[in-house]
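Visitor: I have a structure open and some quick questions about it. Can we start with a pair of helices?
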Amino acid sequence: MKNLICPHCKEIVRKKKDDLICHKCNKIYSVKEGIHYFNNTVIDYPKELDENDHDVFFKKLSSDLNSGLDYLYKQNRFLHRYYTDSNRANGLFLLPTLKYKKILDVGCGSGIISHFLTKHAEEVYGIDICPNRLRFINIIKEKENIRNLILIGADIFSLPFPDNTFDLIILNGVLEWVGCAHRLEGPRDLQKEGLKNILGKLKKGGKLYLGIENRYGINYILGGKDHNNSRFSSLLPRALANSFNKLTNKKNYDTYTYSMKETNILLEESGFKKIMFYAAIPSYRFPYYIHPLDNDKDMKCIISKMLKENKDILPFHLKFLCKIALLLCRMKASKVIRFLVPSFIIIADK
Ligand SMILES: [Zn+2]
């Protein structure tokens, strides 16, 4: 790991024993289990597994991957899928070429995308603010002897890298959470600041891969819960959503998602160019169908195929979306579909 910088004053940090130190502002970035932490905020998701179960899981995983994953399956199936379903990386085929020098995966989570990208890059940097996520990837990395994956505790506001470093930056399922950083600026301003930070770290011509929900997605229209654990809030004007959430959830509404048009404006304001939108179905998390949203031509064919192949497993809201979409195609109004797709994968250039 060379040339990491102090996110506070941009000076290159030096090694001091195991820690890293900034000689300009004297900040020390400590190391834990081989991972350096640059972020002030650390989060864990206690509802997933308590600390004791996590320790058992990691111990089992370290001695044998399969017995560790079996243990996790019994404890929490959702988390097991999150850590193991490689469909998470399905959208990466949209990238024009899979040959990169340096890639950054912001909020690398389960590490599935980072892991996949290590085969296509000289170095992949995976950052996250959840130590347990990093511990998990670190065990897989050691087990599989992956040498070009560097794990760091950092967030979008504390990126310890010099400007113009990366050819590709991944932001998958992260931007909607950026507004939760408890600061005075509103969620949109924080998201814009985060995106500008990302832009700065990209080389000229570098690519951003962004996965995020559609604010007006059919799942939300039909009453699905959003990231604020709230129904219908994403559809409301922000001030109303905020009052509603303070009343019902006792918290601000700060997990902003956007329509295609609004997302495009946010990215343009943050300095991105050549912004391409794709519908990710059922979502960007584990996308099975990905379709460009500037091309309505093959839409009908893809939707019919999706309905036919998945008749028994598609959830109600997606079947409903497919039927509306087919109707719209017949009415030659397929452009409307882009307002209703559950989520987007977006590729943009610096
Ligand atoms: Zn410093």
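Guide: This is a predicted model. In it, helices α1 and α5 cross with a left-handed sense.

Visitor: Which residues make the contact between α1 and α5?

Guide: From α1, the contact uses His54, Phe58, Leu61 and Ser62. From α5, Asn132, Arg135 and Ile139 take part.

Visitor: And by class, what does the contact of α1 with α5 have?

Guide: The contact has 3 nonpolar, 3 polar and 1 charged residues.

Visitor: Where are the two helices in the chain, and at what angle do the axes cross?

Guide: Helix α1 covers residues 51–63 and helix α5 covers residues 131–143. Their axes come within 10 Å and cross at roughly 10 degrees.

Visitor: So are α1 and α5 roughly parallel or roughly antiparallel?

Guide: Angles under 35 degrees count as roughly parallel, and α1 and α5 are therefore roughly parallel to each other.

Visitor: Changing topic. How many helices and strands are in the protein?

Guide: The protein has 12 helices and 13 strands.

Visitor: Why is it as compact as a globular protein of that length?

Guide: Because its radius of gyration is 21 Å, close to the 20 Å that the globule rule gives for 350 residues.

Visitor: What does the C-alpha trace span along its principal axes?

Guide: The trace spans about 70 × 45 × 45 Å.

Visitor: How many of the residues count as buried?

Guide: Of the 350 residues, 40% count as buried.

Methods
Residues numbered from 1 in each chain as written. Predicted model: local features only at pLDDT ≥ 70, side-chain atom pairs only at ≥ 80, totals over all residues. Axes fitted to C-alpha atoms, helices over the stretch in contact; angles between N-to-C directions. Helix = DSSP H or I, 4+ residues; strand = E, 2+ residues; numbered from the N terminus. Parallel < 35°, antiparallel > 145°, perpendicular 65-115°, else oblique. Left-handed = near helix turned anticlockwise from the far one by under 90°. Contact = placed C-beta atoms within 7 Å. Nonpolar A, V, L, I, M, F, W, Y, C, P; charged D, E, K, R; others polar. Rg over C-alpha atoms; globule rule 2.2 N^0.38 Å. Buried ≥ 20, exposed ≤ 12 C-beta atoms within 10 Å, placed from the backbone.
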